[in-house]
Amino acid sequence: MKTPISQGRLTLGLAIAAALLLAGCGVNPVTGKKEIQLISESQEVQIGVQNYLFSRQSQGGDYRLLPELTSYVQEVGARMAAVSDRPLPYEFALLNSSVPNAWALPGGKIAVNRGLLTALDNEAELAAVLGHEIVHAAARHGAKAQERGILLQAGVIAAQIGIATSDVDPNLGNLLVQGAAVGAQLVSLRYGREAELEADLYGTRYLKKAGYDPTAAVTLQQKFLRLAESQGRARQSWLEGRFASHPPSAERVARNEQAVTELGRGGELGRERYAERVKPLLAIKGAYDKADEALAAAQAKDMVRAGALASEATRMLPREARFHQLQGDLALAAQDTQQALGHYEKAIELDAEFFGPYVGGGIAAYRSGDRLRAERWLRRSAELLPTAPALYYLGELSRADGRLEEAMGYYRGAAGSNSEIGRQAAIEYATLDLPRNPGNYVATGLQNDARGAVVAIVENRAPVALAEIVLTPVLIDVAGRVTEQGRSIRVSRNLGSGERLAVDLGLGTQGPELLQRLRVRVHSARAAPR
């Protein structure tokens with residue numbers, strides 16, 4: 001039998017759900033189907049704008065060495081966008097990554113990786129990739145994924161009205177923090193089967209409308225499927241990219257073939273034009289292969305081989321900023337800060353709009369004692385892409401200068417990363433915050449021990465061991481005001497992170513009426529010496 005309270009919660013929950021549904025009914029601009037739309041078009045566009053820079057930075061940064069290639073991608077993208085069912089402010093970027101991938105943010109912000117261009121055979125296949133991503137944006141696939149999250153959250157709220165909840169640490173993972181992590185999640189979003197089939201179908205229709213041969217959509221999917229079923233390094237590269245968020249299948253190939261049969265074959269492939277435009281990139285692909293091998297060797301801890309391969313890549317293509325950054329990263333890992341600084345300076349000279357050499361160079365400058373350059377480079381890095389290392393070292397610099405509030409802000413930002421440096425930042429933040437807010441890190445509860453005496457159960461919820469914890473028992477009235485304060489008690493020993501301890505409050509045995517009014521306040525605590 002439902003209680004009046006549970007019935008009230010249920011009614012309120014249904015009212016919230018009904019309000020959301022009524023407020024969010026709309027028609028999909030691509031499919032024409034009715035659907036719930038809780039995110040407006042202006043909000044979609046804003047989401048894309050807010051996350052486009054961070055997303056591009058986190059996926060390799062804009063490819064600047066051959067700007068004519070970016071222009072080419074934008075030309076093909078504009079041709080496909082012109083036949084879209086939805087006139088969004090589409091933008092197209094080419095990113096400096098060997099991973100063969102492409103993605104779209106809500107609002108029409110689209111990117112293609114350098115590595116995808118070297119894997120395609122003609123312009124129509126590039127148009128098929130871009131058309132597929134345009135449909136994801138035009139058909140609100142990213143927005144709908146977010147709306148599903150909103151509906152789920154609304155359901156949770158409706159189910160928990162009246163229930164007190166504690167704050168939850170939103171561990172965002174990797175080294176990305178703040179808005180950068182949101183952009184990374186949007187880029188790595190894996191669409192469902194229905195969304196992928198929709199993007200294939202309408203993307204193929206866009207190909208035909210734009211004057212391309214729609215068979216390119218079939219050959220593209222056939223290529224993906226062959227690679228998915230193959231073995232070796234090429235397959236692994238694709239698994240890291242296109243397959244991760246757009247998994248191929250025999251069903252998708254068959255559906256594309258059916259769409260081509262209905263639309264009719266014929267149109268441009270643009271094979272010769274594509275070959276001519278991509279020729280400069282193919283000519284230098286060997287240098288990127290060397291750099292990719294160097295990175296793999298470094299990840300396998302073979303630093304000698306990594307250094308040799310990175311040097312060879314730089315010799316083959318000295319104008320590529322990423323290769324100089326890679327050499328700087330290897331030198332920094334080897335604790336050679338002066339050599340690292342030279343490589344980072346060269347990388348910044350060649351490309352001043354990528355976060356990587358700034359964060360690496362900032363750390364190298366910090367370790368070498370060049371505090372002014374460290375702060376300048378780290379701040380620039382955080383502007384381009386907020387990462388835990390940049391914020392952590394900015395916190396270190398601020399604390400050393402006595403700017404404690406500023407330091408705490410940086411540490412708090414870095415602590416949002418699920419990484420070792422994020423955990424270290426959480427420790428530094430707690431160390432500074434403990435003297436002013438000890439109660440945020442020490443949880444207390446009351447119970448009777450085996451003798452019947454009142455004891456406080458003290459738990460350390462700080463990420464660091466605590467020392468000199470001082471507790472004060474108090475009595476409160478019905479309004480929560482303190483009416484009487486007892487003698488303060490110092491915890492007898494240090495308390496490790498996550499550790500609990502029972503502390504006798506010296507109050508003897510007390511009845512339930514007094515216990516209902518009794519509270520234990522944390523008077524003070526500090527971080528134990530490390």
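**Cavities and aromatic rings**

Tutor: A search of the whole structure finds two cavities of 30 Å³ or more. A cavity is a set of points on a 1 Å grid over the protein atoms alone where a 1.4 Å probe fits but cannot get out. This is a predicted model, in which local features need pLDDT of at least 70 and side-chain atom pairs count only at pLDDT 80 or more, while totals for chains, interfaces and linings use all residues. Residues are numbered from 1 along each chain as its sequence is written, and side-chain values use heavy atoms, with hydrogens and water left out.

Student: How much space lies in the largest cavity?

Tutor: A volume is the space filled by probe spheres set on the grid points, which are joined across faces, edges and corners. For the largest cavity, that space is about 100 Å³.

Student: Which residues of its lining lie nearest the centre of the largest cavity?

Tutor: Lining residues have an atom within 4 Å of a point. Helices H5 (123–138), H8 (193–209), H9 (215–229) and H12 (250–263) are the elements that give two or more residues to this lining; helices are DSSP runs (H or I, at least four residues), numbered from the N terminus. Of the 13 lining residues, those nearest the centre are Ala128, His132, Asp200, Leu220 and Gln221.

Student: Why do Tyr288 and Phe323 tie together parts that are apart in sequence, and how many residues apart are these parts?

Tutor: Tyr288 and Phe323 form an edge-to-face aromatic pair, 5.3 Å centre to centre with 65° between the planes; rings of Phe, Tyr and Trp (its six-membered ring) pair if their centres lie within 6.5 Å, and planes under 30 degrees apart count as stacked, over 60 as edge-to-face and the rest as tilted. Because Tyr288 lies in helix H14 (residues 285–299) and Phe323 in helix H16 (residues 321–333), the parts that the pair ties together are apart in sequence by 35 residues.

Student: The charged end of which residue sits over the ring of Tyr288?

Tutor: A charge sits over a ring if NZ of Lys or CZ of Arg is within 6 Å of the ring centre and within 35 degrees of the ring normal. At 3.7 Å from the centre of the Tyr288 ring, the residue is Arg114.

Student: Is Gln325 buried or exposed?

Tutor: Gln325 lies in helix H16. Buried means under 20% relative accessible area, exposed over 50%, and partly exposed in between (1.4 Å probe, protein chains only). Since its relative accessibility is 13%, Gln325 counts as buried.

Conventions:
On a 1 Å grid over the protein atoms alone, a cavity is a set of points where a 1.4 Å probe fits but cannot get out, and a pocket is an open set with protein on both sides within 12 Å along at least five of seven lines; lining residues have an atom within 4 Å of a point.
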